[in-house]
Each structure stands twice: as structure tokens, then as C-alpha cells.
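Here is a briefing on one predicted model. Please keep the sequence and the 3D view open while reading.

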Amino acid sequence: MNENPSTPKRNRQGMDYGETEEVQETHAAIQREKREPRAGLEPLSLWLIALYGLAVFFGGAYLGRYSGDFSGDGLDPLGGAQPMKKNAAGGSGATQTAELTPAERGKKIFSANCATCHQMTGLGVAGQYPPLAGSEIVNGGPRRPAMIVLKGLTGPVTVKGQQFGSAVMQPWDKTLNDQKIADVLTFIRQEWGNTGGPVSPEGVAALRKELAGRAESWTEPDIKAVPEGADLPGGAPTDQTKPPAGASPAPKA
Amino acid sequence: MKGLLPLFLGIFGTFAFSWTGLIFIPNLQIGHLDPQTEEDGTDAYPSPRSGMAERGRQIYAANGCNYCHTQQVRADYAGSDLDRKWGIRRSAPRDYIFDRPVLLGKMRMGPDLANVGHRVPVTDQNAPAPSATTSTTTGAPVAGASPAPAPAASASPTVSPAPAAQTASAPPASAQNPTPSPSPSAPNEVVTAINGVPIPYTEAWHHRHLYSPRSITEDSDMPAFRFLYEKRQIAGQVAADALNFDESSTDAPPSGWEIVPTYEAKCLVAYLMSLDQSHSLKEVKTAAAPASPPAPGKQVK
Amino acid sequence: METVTTTGSAASRLTQQPQGGTEQVTPGEIENVERALIDASTRVPVLMFYTSAIFWLLVGTLLAAFASFKLHSPDMFSGISVLTFGRVRAAHMGMMVYGWASMAGMGTAIWLMARLCRTTLRHPLVLVTGAAFWNLGVLLGVGGILAGQSTGYEWFEFPTYAGAVLFVAYLLVMSWAVLMFRFRRGDTIYITQWYLLAAFLWFPWLFAATHVMLFVVPVQGVMQAVVNWWFANNLMFLWLGAIGLGTAYYMIPKVIGRPVYSYNLAAIGFWTYALFASWTGMQRLIDGPFPAWMITASIAAAILSIIPVATVGLNHHMTMRGYFPLMRYSPTLRFTVFGAISYSAFSIVGIIISLRSMAQIVHFTQMSVAYSHLGLYAFFTMVMFGSMYYIVPRLVGREWRYATLIKLHFWSSAYGVGLMVLMLLVGGFVQGLSMNDASLSFTESTQSVLPYLRGRSVSGILLTVSHFIFAYHFVLMLFGLGRTASVPTFLNPIEPEDVHP
């Protein structure tokens, strides 16, 4: 080994070893050190390669066995056993909806979402919620009511000569899909002695697309700006060319 | 290895690969879910929690409840979660879309809480309200609190103590209680049941349990959360939300004092009461029809 | 401690030395001087990192012991919010991961990088500031957790402001690392440098990405849990694990004075590690509300990670072959080899408990705590202890004072962590079995694990003792009370036949 580092020659203070004057007096630990590590170049052993192969095989097999088809619905592992439709949330079960007419479906939607304010009687609440029964907006062209349902309505509004203004209607475009909006519109336009025609989901979809950029609710002038009898964009004609509404895959709400 | 660039690219590439595979693609698949609604637009599930319950979630996280309690029910082939009636179906991503932070947990030193707030409205008049458990096991008349006709559910008095609650999976069973509900003391109260087995996790139960876990389950290893409760002198009348204790209980405050939950405790309990995954989801099979609950004590494969 | 000015003069001397001294001294001696100067230049920051790390280790150990006792005596201090189990446990994790492990790792990494880049440390003040800020971040984070501001994401509990401080501190440290690489000398990049460079780059990406996905543009619902475990797992593997493996790749060949067995094995080991270890982690969410393929991919990656484990393990084993008796003498070697072997054990346990058939039983049990401690303690912490036993004498110019204390430290650490892991592995298995038996009440599953938790508390006492012994020894070194000798402190007297087998 090297000389004793604690010779009196050392010009050190405290723990400071590295700062000596003489090159020879660098810290003993460094002088006795082995050289810096480097890498040898031994080849891979065959056994190791065989182990790699095994690991890849088992890893791959495991992945194949429990991959759940790499779908986002295959809950871990393969929990959603029965094949689920991709759009479980929006795609209403075709078997159930086919049994009901649009107006019947609309009635359920109405009672769930609209009746709190507009009442099952369609008469609304005086001064707060306008009636739907006999309303000129509902009985006119489908465009106006569809606009209101999609984007909501705020501010005062006059229906059947009465002023309503203390409540707002929320937009439903995030909550209800086209099929449901069409159904509920069909329902309110034919119930309570109303005389409006049916509304197609395709028309609602087209209107939804047209209004996609709009964030805020309508006010009465917005609605009055639309001609009373205005129809939905491309509503009626496409209705006949497309398959029946109940079977069509409705887009996600 | 020579050259920094291949090294750097490799380091970046492996990281990006991992991020893409484990975060980005799953996020495309399950990161943008909407609440589920019935075909007629009714029955939206799940829905956001109230402000108090959200505050309770922060308290739940801050006190590390998630280190001992999970909030996820596994499927029937993995573990005994369904047999233990911690839920009627496995959990799905959609159950958690409003949860932030999401507190799934990874350890069960306490039971799963995914459905601890599960409640269904009273349909069966014979099913006694959970408040009925009060007097039978203890025999001690409940002093002070119950006369107050407070609408708050917390008016429902003490829970049955340890003897009836040796097991946590079959909590203090009000079903054994022959006494009908004594009075409509808590009109908001609803009977809780999963598959017909009542689970009387009322607010009063939670408060009592948080304050003194071992007064309800003897073997519980849950720490008591007494710092969430305030001990104060009774001013005039006993507060409506004061905790009730048996007179023999060592937890009971000296006479003239009462123990009331702080706002934080109320938030925490509101959060616990809001934990409920009993709503069916289309992407998940519900384990058993409500009519035929699985046989108790079923062995796991 | 020395001031920065001396390191500055040391740096200038490094550049002057070759002109003045080439005639008289041999290249080997120049190399020695160069190393001495490099070591001297790293002294202040590395010792600062080490001192802070050991401080956090002690506090964290005490918190762990407290939390461990809380588990079987839950009524202790139940009226004090700061001391409730959930907060203490989170504070313990935060201190250990960010305070102890990260700071010790950064200290060692700085020293190793300076040596391997063969350049003196430039701007040590940056590092000192970084260390100070990092300490502040840990302090804020732990304080925030204890005050009830935990974020609720495991391993990421620090409130966001503490995380921000940590990140700033980290950028200071990393900016230095980049500088060091810029000025490196020699054209080969040694294996250790791959790991260290990777760790230094992975950490900020990981930390920033997680922070953004959890707090800035939060992901929805269960994706938060995905991000959370992706982070926690990669913090273990890509940050701490990479530093630990890199350190072992330096210390083992260095101490025994032999080249690493094979460059090829090292390269395969490194790249497969980077590829597969970063994909594990989701198996902690097994059977949860997640797509099956995501979990399975992580399990498959865990299975594939046997490739780097076997490769690295074989490489170390072949390097060590014939030199194992040296573990009797060198503290560094003994700790490092213990850590390297634990890394293999850690990975193999990780594979076994992630397989679906096994996870059914042991998911949600104490087994996961055993697994974390295998990785964080038996592997990483032991490697860090080993590197400290090597590096600290070179920084303070003294040899470790008592061989007995080192031996005591080693054995109480080794037995402590061994007992803890064993207790929790067995306890977790028992707990899982009784949890899955629905005919038993749930409390029976927690009751069944209680004896093992008590055993774990005993191991906690062992670890506490070991850490205080080490801290005491370290403080002696820090105050210049180590031995002055030309031979290192060997654990046992050298027997000649063991030295050159």
C-alpha cells in the first residue's frame, strides 16, 4: 500500500484530504482503487437465449389468452362476457323500441324529463312554465320546438298570449340523443289536441349538426326570427329513404 | 455504447411506448364515458355528487381511508366480493366517471366500500327501519335525542353494539329485530337492503363507527377518528345530531356533555352514504337476480 | 464542511495538471489525481444529498414504526388528526420515496456521473440549491399530508405545491447532469452511465406527465388510477430501479477490480429493462374496472421482465464468480450484492403475484406491501447503503470508524427486511385465503394477518436500530472522526487466501 496519509507534511485542514499540495498525497482510498470498471465481451450463452424464447412464448400466450380482444369493453378479464354493442349508452335496445310507437316512446321521455315543469297535462305552470297544449310554437313547423329542445330557452317568452319569464329551459342536446328528441317532439305535437306532424330523428340530427357551434340558449327573438312553419333541415325527404327509425343506429347522446 | 443520440432516442422511445400503450390507448377506450341512461332518457347513472359529499371525498383521501378500504367490486371468478355482498355486480369504468380523485384502493384491511351507501326506498312495510335496532339489544332507553322530531336522519338513535355485530359482512342485522319501527322519528329514513338483506348503515351508524369502531365491531382494526368529533357541554338541549351511547359504554361522555360531529365528519359520512354502485350497467352482468340471493357461505372456487 | 471555493480551485487544477506534471508522473498517477479532484469537487453537494437523505430515512423509519404499531393497536392517539394511520402512512411513503430514496439516489448518481464522465463537477452551487429546494419540497409535501391535504393518489400524495417545488429542484439537478454529459471526456459511455442518464431523463418526463394528467388536464374516472399506478410503478423501476442497477454495475466490478462479464449481456439487459419494466404496473389494478388487455399487457410485460432480470443477474454473477469471498471483507460489496440479489427476488415475486391465478388470492392483501419493501428496501436501499460505504470515505478523507457498526448495520438491515418481507408475504397469503372464503367473516381475514403484522413490527424495530447505527456512523464521518488509515475498513481481518482466489 501507499504511505501513511497522516504524515505531518500534509497541509490539511479538517477533513480535507484532496487539497494537499503534493500530487503523491492524494487520498489513500483513491490510490489503492482498482481501475474504473469496463465491460468485457463474453458472448451470450445458449441457455440464456432459450430462456428469452420461453419468456416471449409465455408472455405472448398470456397476452393472447386474456387480451379480451383488446376492446375497451372487455372488462378485466373478459367480464362483459356476452358480446356487447359498442354504443351501449346511446344505442337504445332495438327490440324494445320497436314495440312502441314514437309517440309512446316520447311519452316516457316526456314524463321523465319534461313533466316536472310542463306537467303531464301539458298545461305548464302559470307565470313560470309555458303550456305545450295548444302552444303555437309546438303546433307550427317542427324547427322551432326542435331548436328549443336542443339548445334551451332563456328570458321571457309569450305563449298563447300569456307572458312567462321566471324560469329557463335547459338545453337537452347533451342529455338526449336524436331519436329521443324526435320521439318526445312527436309526442308533444300530437298529444293534448295538438296537431303537429311527426318529427324524424334524421331531421333532429341535421339540425343538431347545424347548431353544433352554438353554446348559449335561445331567447324569444331568436325563435321568432324563424318562420313559424319552418321544417327541419332535410327532414321529411330523407325519412322515406332511410330504414325505420327504431332500427337505425342512433348516434351517441 | 458509442454515441449519445441512439441512447437518447432509445430512452425516449421506450418511455413514449409505455405511455402510449398504458395511458393513451386506454384513455381513448375508457377515458370519455357518458352517464348511462335508459332508453327513454330516464334514470341517468352515475350522477355527480353533492358539494358536501365531494368535500367528504377530500377528507376520505386526506385521512388515507383508501389505504385500507377499496372501492371496487371484483367479478365472481376473482375473490369473494359478490358473495360477501359488497355489491350486486362487479364495478365498471362508468361507475367512476365523476370521481376525482378516484379512490379504488389496493388493500383491504377493511371491507370494500363501493356500495356502502347503497339504499333502496322502502317497499316492504314489514322491513323495520334501521332505527329499530336501538332498544332491543341494549335495553337502555335512549335519552334526550330521539324526542327531538328533527327531520334529519341523524335522529335515528344508537346502533346495536358489538354482540350483534361480530361479523362485518353481516352487519348489525335489523332483520332479527322483531320490534316494528317505533315511530316515524326519521321520515327521511329509508331501509337499506341488498338482495333483501338489510344493511343498516345509517348516518348515525357511520358517526358511531367513526367515533368508536370497536363499539360496533369488536375485532375491528380501524383507527378511531375522534378528531372529527367535538366534545362540548350541552347547552340547554341535546343537539339533534349528537352521538348516542349506551350508558354503560366507555365511550360515552360524562353527563352534561355531548359529542357532536364536526362539519368534516358530516361531509365524510355524506360521502360514504353516496357510495352506491347498485344501479345496473349495460356493460356488466348483474350477478344474481334480486329475488334469489346467492347462498350465504358459498365457497370460492 | 468545505466551502465551494476549494472545489473551484480543484477544478482549475485539473486543467493545469497535465502540462506541469506529465514528465514526472505515470499515467496511472495522473488518473489518481484526476479522480481525487473529481471526488473533491463533488464533496459538498453529494454530502448534502446524503445528509438530507439519512435525515429523512430516520424520520421516515420512525413514522413507519408508528404506523406499523397503529395497525395492531388502532386506538393509539386517535384524538390527534396528524397521527391518524392514513396520514402517517402516506407521510412515511413520501419521506422514503422522495426524501430518502430519491436523495440518496441522486447523491450517488452525481458522484458516479462525475467519475464516469471524468470531469470535475461544475457549478456545485446549482446542485446545492437543488438539494435545498428538494428538501423544501419534501418538507412541504410531508407537512401537507400530515395537515390533511393529501391528493389521494398513492406515491403522489404530496399536495401540488410541494410537487411543483420538487420539480423545480429537480430541474436544477438535471440541468447539471446534462452539463456534465456535455463536458464528458473519453468516448465510451459505460453501462452505469446508460442507466443514470436514462433515470435522469425518465424522472422529469414521468413526473410532469403524471402531474399534467392528474391535475392540469385531469383524465376521467378510473383513468386516474391508471395514471397513478403507471407513475408509481415507473417511479420504482425507471427512476429508483435504474439508479440502483446502474450503481450495482459500477460498484461490483470496481470493488473486485474485474471487468463486467459481458457488454452484450449488459446491453440486452438494459434495453429489455427499459422496454418491459416500463410496461408493468397495471397488474396492481388486476380484476378492477379496466379493459382486460391493459392488465394483461402488464402481466405479460412482467413475465417478459424475466429477460432483463436473468441477463443482469447472470452478468453480475459471472463478474463476481470466484470473488464471492470478498463479501466477507468489503462492506460495499456485501450491501451491493445483497441488493442485486434482492432485485432478482423482487422481480420474481412481482411476476408470481401478478399472475391472475395468484392475484385472485393475494390481491388487496399485505402481499403488495411486501413487494414494495422488497423493491424499495431490500434492493434499492441496500444498494444505496453499499454505495455510501464506498463514496463517503472518498469525500471526507476518512475511513469508516468501526467495522463492528457496519456489521451490525448490515445484519440488522438484512434480517429486518428479510423478516418483514417474509412476514408480509406469508401474512398476505393467509389474509387472502381467508378473505376469499366467504363463509368466514371479513374481520377474520384481518385478524388472521395480525400475528404477521406484529412480526413486522419487530422487524421494524430491527430496521430502526440499523438506521440509527448507520446515521451515527455517518455523522462521525461527517465530523472528521473516521479513521485515518491507508486501508479501508474491512468487515473482517483479511485472510490471504481469499483475496486473490
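Residues are numbered from 1 along each chain as its sequence is written, and chains are lettered from A and ligands numbered from 1 in the order in which they are written.

**Confidence in chain A**
- The mean pLDDT (the predictor's confidence in each residue, from 0 to 100) of chain A is 69. A score of at least 70 is reached by 70% of the residues.
- Among the elements of chain A, helix 2 (residues 46-65) has the highest mean pLDDT, 90. Helix 11 (residues 235-241) has the lowest, 42. Helices (H or I, at least four residues) and strands (E, at least two) are DSSP runs, numbered from the N terminus.
- Residues 79-98 of chain A stay under 50 in pLDDT. The model has 38 contacts beyond four places in sequence for them. A contact means C-beta atoms, placed from the backbone, within 7 Å.
- Residues 235-253 of chain A also stay under 50, with 42 such contacts.
- Where pLDDT is low, the predicted coordinates should not be read in detail.

**Make-up of chain A**
- Chain A has 11 helices and two strands. From the N terminus, their order is α-α-α-α-α-α-α-β-β-α-α-α-α.
- Of its 253 residues, 37% count as buried. Buried means 20 or more other C-beta atoms within 10 Å of the residue's own; 12 or fewer is exposed, and in between is partly exposed, with C-beta atoms placed from the backbone.
- Take the contacts in chain A between residues at least 6 apart in sequence: 68% join residues at least 24 apart.

**Helix pair in chain C**
- The axes of helix 6 (residues 191-216) and helix 7 (residues 223-256) of chain C come within 8 Å and cross at roughly 165°. Helix 6 of chain C is therefore roughly antiparallel to helix 7 of chain C (angles over 145 degrees, on a scale from 0 to 180).
- The residues of this contact divide into 20 nonpolar, five polar and no charged.

**B:Leu104**
- B:Leu104 sits in the loop between helix 2 (51-62) and helix 3 (133-138) of chain B.
- B:Leu104 counts as buried because it has 26 C-beta neighbours inside 10 Å.
- Leaving aside neighbours within four places in sequence, B:Leu104 contacts B:Thr70, B:Gln71 and B:Gln72, plus C:Ala225 and C:Gly288.
- B:Thr37 lies 67 residues from B:Leu104 in sequence and 24 Å away in space, C-alpha to C-alpha.

Note on methods. This is a predicted model: local features need pLDDT of at least 70, side-chain atom pairs count only at pLDDT 80 or more; totals for chains, interfaces and linings use all residues. Two residues are in contact if their C-beta atoms, placed from the backbone, lie within 7 Å. Angles under 35 degrees count as roughly parallel, over 145 as roughly antiparallel, 65 to 115 as roughly perpendicular and the rest as oblique. Ala, Val, Leu, Ile, Met, Phe, Trp, Tyr, Cys and Pro count as nonpolar, Asp, Glu, Lys and Arg as charged, and the others, Gly among them, as polar.
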